[in-house]
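This report describes selected features of a predicted model. The sequence and structure are shown first.

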Amino acid sequence: MSAPAPAPATAPGAVLNQGATAEAIQHHYDVSDDFYALWLDTSLTYTCALYQDPADPAETLECAQRRKLDHLVEQARAGGARRVLDIGCGWGSLLRRLAEVYEVPAAVGLTLSATQAARVREQALPGVEVRLEPWQEHRPEGDGYDAIISIGAFEHFAAPGLSRAERVAAYREFFERCAGWLPPGGRLALQTNVKGNNVVMDRATVRDQLFIMDMIFPESEIPALSEVIHGAERQFDVVSLRNDAPHYSRTLREWHRRLTARRTEAIALVGEETTAHYERYLRSAADHFDRRHLGLARITFEKVR
């Protein structure tokens with residue numbers, strides 16, 4: 001594997017820290033590990049699952065989450081890799097899959113959540129390192145990575161209020177850095193929410209979307225698919241792209257079902273107000289995917305040789 005050029009500490013014209021702050025990330029992800037454990041699957045995978053058929057009620061969330069992780073590992077060609085980077089590693093489900101199933105000798109996870117980082121470290125996974133740092137400040141050791149995977153983090157890379165050009169510039173900074181960490185032909189598997197093409201919304205939908213932006217995911221902005229692709233131009237080719245909005249609707253409804261089933265325990269952990277906020281968020285977000293106000297993009301990028 002040839003050594004990729006290291007990313008500069010501060011590239012001329014670089015757009016740094018234009019996304020959600022660490023405080024905004026912690027506002028959401030550090031609510032309570034025990035609270036999330038009430039309604040996520042057993043691996044604490046807090047991103048859209050991949051169902052064999054999202055209309056089949058027989059398939060379990062656990063199975064669909066494993067399929068999602070395996071799909072992205074396969075797309076990134078990370079199974080036989082020496083070093084893999086997980087940008088936005090959550091509570092470590094992908095890192096655990098890489099270490100225990102694919103026997104990747106070195107996997108690095110990035111997160112801005114102190115509780116997530118602590119949980120990953122507690123698992124003492126072989127070859128796994130977790131860093132409490134943003135991707136903008138990441139400096140890989142050695143010759144970079146064979147593969148990069150990022151699931152559900154891209155939505156935090158641009159803050160609300162930026163112009164389209166500013167968002168694309170922030171995304172381009174991300175792709176340039178990833179390209180610098182990969183060899184020619186190396187792959188980045190990305191999963192992110194994207195804006196949907198159904199822009200006709202009633203007032204209730206608008207109120208719910210503003211509520212989610214203000215109360216659940218502050219300082220975050222869902223990209224348009226075209227902005228993601230624009231940001232990757234001249235750095236990566238698109239190998240595959242799929243929009244799995246029905247899969248996220250199914251995932252969110254299952255999370256909502258599990259949360260309401262254990263509502264008393266949730267209130268004991270985080271209180272009535274926070275529990276009600278999450279119920280509203282999960283229920284309304286599922287509707288947004290059903291009505292195509294939102295999409296779920298799984299994109300495989302390959303570094304230009």
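## Salt bridges across the chain

Side chains of opposite charge can pair when their charged atoms come close. In this predicted model, the count comes to 25 salt bridges. One of them joins E302 and R77, whose closest N and O atoms are 3.2 Å apart. E302 belongs to strand 7 (residues 294-303) and R77 to the loop between helix 3 (61-76) and strand 1 (83-87), so this pair ties together parts 225 residues apart in sequence. E302 counts as buried at 18% relative accessibility, whereas R77 is partly exposed at 43%.

D290 and R253 form another salt bridge, with the closest N and O atoms 2.6 Å apart. The pair links helix 11 (residues 272-290), which holds D290, to helix 9 (residues 245-261), which holds R253; the two residues are 37 residues apart. D290 is partly exposed, with a relative accessible area of 40%, and R253 is partly exposed at 35%.

## Helix 6 and helix 8

Helix 6 (residues 164-181) packs against helix 8 (residues 225-232) at an angle of about 50 degrees, and their axes are 8 Å apart. Helix 6 is therefore oblique to helix 8, and their crossing is right-handed.

A salt bridge also connects E227 with R164, the closest N and O atoms being 3.5 Å apart. Because E227 lies in helix 8 and R164 in helix 6, the pair ties together parts 63 residues apart in sequence. E227 is buried at 2% relative accessibility, while R164 is partly exposed at 39%.

## A nonpolar surface patch

V206, L210 and M213 make a nonpolar surface patch of about 230 Å². L210 is located in helix 7 (residues 203-216) and is partly exposed, with a relative accessible area of 45%.

Conventions
Residues numbered from 1 in each chain as written. Predicted model: local features only at pLDDT ≥ 70, side-chain atom pairs only at ≥ 80, totals over all residues. Heavy atoms only, no water. Patch = residues over 30% accessible without salt bridge, like charges linked within 9 Å, V, L, I, M, F, W, Y side chains within 5 Å. Areas by Shrake-Rupley, 256 points an atom, 1.4 Å probe, with all protein chains shown as cover. Salt bridge = Lys/Arg side-chain N within 4 Å of Asp/Glu carboxyl O. Helix = DSSP H or I, 4+ residues; strand = E, 2+ residues; numbered from the N terminus. Buried < 20%, exposed > 50% of the residue type's maximum accessible area, 1.4 Å probe, protein only. Axes fitted to C-alpha atoms, helices over the stretch in contact; angles between N-to-C directions. Parallel < 35°, antiparallel > 145°, perpendicular 65-115°, else oblique. Left-handed = near helix turned anticlockwise from the far one by under 90°.
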